Amino acid sequence: MHDPAITEREFERFQRFIHEAAGIRLSPAKKALVSGRLSRRLREHALGSYDEYYRLLASGEQPGEVQTAIDLLTTNETYFFREPRHFELLDRLAREASAAARPLRVWSAASSSGEECYTIAMVLAEAMGSTPWEVLGTDISTRVLERARQGLYPLDRTDGIPPALLKRYCLRGTGKAEGLLLVSRALRERVRFAQVNLNRPLPAIGRFDIVFLRNVMIYFDAGTKRDIVARVLGQLEPGGHLMIGHSETLHGVSDAVRQVAPSTYVKR
């Protein structure tokens, strides 16, 4: 049985669906991506068109299916020590905090499959000594959060990890896990993951000294960007640092921060 083709009208419905659910703008160029990723759900539910699948989602009868569709339509790309200057700054901030015996809380607000969180954790474990620290990773996708909690990655995705940290915080898989790398239990136990939709009022996650909100805003329109940044800054301590992607800017998005380095801001 051939998968049905997605019509322009059906595609526009899913553009609205993911914008309302997650604030993400899907360009017309993503039409093939939408049909490719959702076609298996049509087969799963024995549906004859994308319109029928949309009606299933809109009916509210299967909230779990709505989350599945969100998971499939959100893009998650990340790797260890991505944009390394942010981690050099994190190391300096962590050492300053440690010298002052000041605990640090760091939030990875779009943590994807966890590489960013574990990179943060490695830096803090090295820099903070006995001073307490905490890392929270959040994402809208339950699928990637499950992978993040496992801390299991293909070896070829660990190229960015400095050799000393690789040796200290990672275990090379053997037998069935050949070709994989596992983040050490001691490090995994220091990182907490939770599902959070940045496009909705935030749950009670507390305040943070440093927030990573990197390579997320490229998916949002101007109004959604302003709303999300305002929500995130509401959780950042005054004087706290906000890191965004190198291709992103907060110019015209928020005047509650001042830029201190490329893609790095401090809350006023």
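**View 1. Arginine 25 and aspartate 221 meet through their side chains in a salt bridge, at 2.9 Å from N to O.** A salt bridge here is a side-chain nitrogen of Lys or Arg within 4 Å of a carboxyl oxygen of Asp or Glu. Because arginine 25 lies in the loop between α1 and α2, and aspartate 221 in the loop between β7 and α10, the pair ties together parts that are 196 residues apart in sequence. Helices (H or I, at least four residues) and strands (E, at least two) are DSSP runs, numbered from the N terminus. This is a predicted model, in which local features need pLDDT of at least 70 and side-chain atom pairs count only at pLDDT 80 or more, while totals for chains, interfaces and linings use all residues. Residues are numbered from 1 along each chain as its sequence is written, and side-chain values use heavy atoms, with hydrogens and water left out.

**View 2. Glutamate 116 and arginine 214 form a salt bridge between their side chains, at 2.8 Å from N to O.** Glutamate 116 sits in helix α6 (residues 115-127) and arginine 214 in the loop between β7 and α10, 98 residues apart. Both residues are buried, where buried means under 20% relative accessible area, exposed over 50%, and partly exposed in between (1.4 Å probe, protein chains only).

**View 3. The side chains of glutamate 126 and arginine 168 meet in a salt bridge, at 2.7 Å from N to O.** This pair links helix α6 with helix α8 (residues 163-169), across 42 residues. Glutamate 126 counts as partly exposed, with 30% relative accessibility, and arginine 168 also counts as partly exposed, with 48%.
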